[in-house]
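This report describes a protein chain by its overall plan and by the pairing of its strands. Please look at the sequence and the structure shown here before reading on.

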Amino acid sequence: MDEIRLRQVECLNCGHRRAVREDERRSALDECPKCHYVGWASSAELSERTRRLLRERPVQGRKRAVHLHAVQ
Ligand SMILES: [Zn+2]
């Protein structure tokens, strides 16, 4: 069966979400259509990353970490 697997990624800057093909590597280099930032993380990885940020950066990373958490 020829199933296309998708995963959801989020812009690391503004949190814009989109679905990309599981095997699509180049999409990681695309600009965000909203803010033109180039940097994506899968939603699954992002939740773990957010927890780590909250734990390891109590002051400096707080604002960004909270923003990432808010777009989950
Ligand atoms: Zn963006």
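This is a predicted model: local features need pLDDT of at least 70, side-chain atom pairs count only at pLDDT 80 or more; totals for chains, interfaces and linings use all residues.

Arg5 belongs to the segment before β1, the strand of residues 6-11.

Leaving aside residues up to four places away in sequence, Arg5 touches Arg21 and Glu22. Glu22 is 17 residues from Arg5 in sequence, yet the C-alpha atoms of Arg5 and Glu22 are 5.4 Å apart in space.

## Pairing of the strands

Which strands pair with β1 in the antiparallel sense? One is β2, residues 17-21, which runs antiparallel to β1 and is joined to it by five bridges. Within this pairing, Arg7 has Val20 in β2 as its bridge partner. Five residues lie between β1 and β2 in the hairpin that they form, and Gly15 in the turn has a positive phi of about 85°.

The other is β3, residues 40-42, which pairs with β1 over three bridges, also antiparallel. Here Glu10 has Ala41 in β3 as its bridge partner.

## The protein as a whole

The secondary structure consists of two helices and three strands, arranged along the sequence in the pattern β-β-β-α-α. The protein has 72 residues, of which 11% count as buried.

Among contacts with a separation of 6 or more, 38% are between residues 24 or more positions apart.

Notes: Residues are numbered from 1 along each chain as its sequence is written. Helices (H or I, at least four residues) and strands (E, at least two) are DSSP runs, numbered from the N terminus. A residue is buried if 20 or more other C-beta atoms lie within 10 Å of its own, exposed if 12 or fewer, and partly exposed in between; C-beta atoms are placed from the backbone. Two residues are in contact if their C-beta atoms, placed from the backbone, lie within 7 Å. Two strands pair if DSSP finds at least two bridges between them.
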